Amino acid sequence: MTGAGGVASSDPSGVCAKMEEEESIRVVHCGGSELNFRRAVFSADSKYIFCVSGDFVKVYSTTTEECVHILQGHTDLVTGIQLNPSNHLQTFLVGPKLYALFTHHSAEDSVFVTINKEEPDVFQLVSVKLPKSPSQEIEAKELSSILDYINQSPKCIAFGRKGEYVAVVRDFYLSVYFFKKKTTSRFTLSSSKNKKHARNGFTCVACHPEEDCIASGHMDGKIRLWRNFDDDKKYTYTCLHWHHDMVMDLAFSVTGSSLLSGGRECVLVEWREAGEKNKEFLPRLGATIEHISVSPAGDLLCTSHSDNKIMVIHRNLETSAVIQGLVKDRSILTGLTIDPKTKALVLNGKPGHLQFYSLQSDKQLYNLDIVQQEYINDSGLFQIELTKAAFGCFGNWLATVEQRQEKESELEMQMKLWKYNKKTQGFVLNTKINMPHDDHITALCFCNAERCETLTLVTASKDGHFKVWILTDDSDIYKKAVGWTCDFVGSYHKYQATDCCFSEDGSLLAVSFEEIVTIWDSETWELKCTFCQRAGEIRRLCFGRLTCSKYLLGATENGILCCWNLLSCALEWSAKLSVRVMEPDPQSENIAAVSWSSEGSDLFVFKPSEPRPLYIQKNVCREEVQWGVFVPRDVPESFTSEAYQWLNRSQFYFLTKSQSLLTFSTKSPEEKLTPTSKQLLAEESLPTTPFYFILGKHRQQEDQKLSETSESELVQLPVTENIPAIAELLHTPAHVLPSAAFLCSMFVNSLLLSNETKSAEETPDDVDMEEEKESEDSDEESNFTEHVQITSNTDFREDIIHQLSKSEEKELRRFRKVDYSWIAAL
């Protein structure tokens, strides 16, 4: 828990120390993390919003939608964030894991957190006393219990008028704790499931800022307004009902004149004066509203949505900005692929869409509608699902597979081929093939080798066949249209085809048929050889690259990893490893394999030619890793350690079962900000801190000196200007900096001048000294040189070609110092 803005983390220590470069490589929740995990928080001036994003807190501009700052310091998932009224930068070590964080201006010396008791799924609201100390890291062990048996979600806890009470809901119970009286009032709703519309369970709660009024949301879509709740017998409540499904979140306006609600209808509802008839709507927001936040000034509000999106909305219910994160679909069936043109991560997005997500800028580039049908939000319907996607011909072609199956004998399937259009900078549908196979397609891949004269696509299916599709001239009279057609159908003893892949040079095609791997010649489609280890069904195939191109790897469902030598047609080696992900690095011979066990997921990086792995990382995450991909770096890293050299050219991203996108952190997330974001951040005014009065005064003095100095005078900048060591020292948060003793030698060395700099600053030669004297010549001599410059321009250019004498050099320098700006007026 950090005092700067108030951040809670599931990290037990709550703070991360800055480590050496080699030791700082760790698995982090990277770009694409959930922006809707917690409510977003507005800054006091409404210019920025703070939102939790994995291990970090991201700061977005409410006008430009750009990420302008990334707050780091935690080593685990950040679970809460609040603005700190006292605005002190300190780190408090609480001890237990923190699942939510609350602050209130009436209790400046305390914060409220949600912790887990010893029993599972039993949480407790406690008050943490913040001790006063000048230290950066302070232990805050004084915990006071407020309420037991509460809900883990922060939406189920709200503080009342001026912090006089706190309301907590869980299941069918509403508990109100009064701080002054230290008493608790409890209210229970009927939990009968026999009556119609009796889903009375609580989902969220909000408190009126000025009056004693509590608003609660419920499973059946109703909103209850509770009053007189300080008396267990005289309490009353009224109902507001518009939502047909559960109310996801509630929020009062700053003045309390209206109540905002949202749910699965994708509509923001404003209840004015808490009236049933007096309400306004903001519809078609695209996804379920999960959180609602209101700015301190009341001029803006924002909604967080289930598709990992934040919408900034004006008080008059007009959308002003949309911050779109990585869309979390119900299931990622397409896997992770990289668009060769935009270098974007491509995977399932909205239902029936492919999303193109920029990992560098951490935002969505665009959505491609594949299914091209209206999506109906109903859990009882069988929807068309996008199951496969692959790029070919360096991003010029895209192949997708979509299917729908309500019954086992009623499979509907389409394969679509999309061509990239340079004019529209997007993909256009070229060929649509109904039922390309009689059963589910298990894999598809393009032959992207330069030696392939004909563009080729291969699909493998459970119907026991793999098909080769080629691009040919269509039946167009102008011979300009092209389309895709089936060129070859292969099979092996009626076994189901499970995977397929091309070799690096495109000369061979490997197709796995259950437990058997077949190798085919890509020119004649002749079966060359087969491999069979009887170690279980082949789940994943992968060819080696570069110097390891003679190897073929196969991972089986029985937990065996096999490596075959294509030259000797024999098994090179095998290992007992339950591989879930196996991805080759396009920039090297390295292959990353992620295995799964009851203890978690383990990462192995190896070369097929060497039995010893290059890198092993146990428990990269506790969940099962389902997909992975290597992304080439724009600027290579320079790790000298052998253990991390596999990260020099590419960065490895992997997706877990809960759709958390993880990677190995090799640099500060602040360095990943786009130049536009850095410029926007630099243009903001400096805060009025002690550093501001020092740096601000220094900058004003420098500007004044520059304005008073004429153009002909040379200005010597301070030697400390633009030194990286100083810039990093001033911009790195103090609580993550190393000790002062460690920084001292680095800082002093940065101030020393190198030999080259000293030689450049030595006393100039006699010619330069004479130049200083000649600059004080009379006005008459200056007028003479002006006349020479105008009348003898041709001779002047010819003299430059020849070697100039010292007197001619002095004359030339005198010409350069003359101001000819008056000619522009003529």
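This is a predicted model: local features need pLDDT of at least 70, side-chain atom pairs count only at pLDDT 80 or more; totals for chains, interfaces and linings use all residues.
Trainee: How many residues of strand E5 (residues 56-61) are buried?

Mentor: In a regular strand the side chains alternate between the two faces of the sheet. In E5 both faces are covered, with Phe56, Lys58 and Tyr60 on one side and Val57, Val59 and Ser61 on the other. The strand is therefore largely enclosed by the rest of the structure, the buried residues numbering 6 of the 6.

Trainee: Which residue of E5 is the bridge partner of Tyr48?

Mentor: Strand E4 (residues 48-53) pairs with E5 in the antiparallel sense, over 6 bridges. The hairpin of these two strands has 2 residues between them, and Gly54 takes a positive phi near 65° there. Within this pairing, the bridge partner of Tyr48 is Ser61.

Trainee: Which residue in E6 does Lys58 stand opposite?

Mentor: E5 and strand E6 (residues 67-71) run antiparallel and are joined by 4 bridges. Their hairpin has 5 residues between the strands, with Glu65 at a positive phi near 70°. In E6, the residue opposite Lys58 is Ile70.

Trainee: How many residues of the lining of the second largest cavity are charged?

Mentor: The second largest cavity holds about 100 Å³ of space, and 12 residues line it, the closest to its centre being Asp329, Arg330, Gly352, Glu385 and Leu386. Counting Gly as polar, the lining divides into 5 nonpolar and 4 polar residues, while the number of charged residues is 3.

Methods:
Residues are numbered from 1 along each chain as its sequence is written. Side-chain values use heavy atoms; hydrogens and water are left out. On a 1 Å grid over the protein atoms alone, a cavity is a set of points where a 1.4 Å probe fits but cannot get out, and a pocket is an open set with protein on both sides within 12 Å along at least five of seven lines; lining residues have an atom within 4 Å of a point. Grid points are joined across faces, edges and corners, and a volume is the space filled by probe spheres set on the points. Buried means under 20% relative accessible area, exposed over 50%, partly exposed in between (1.4 Å probe, protein chains only). Two strands pair if DSSP finds at least two bridges between them.
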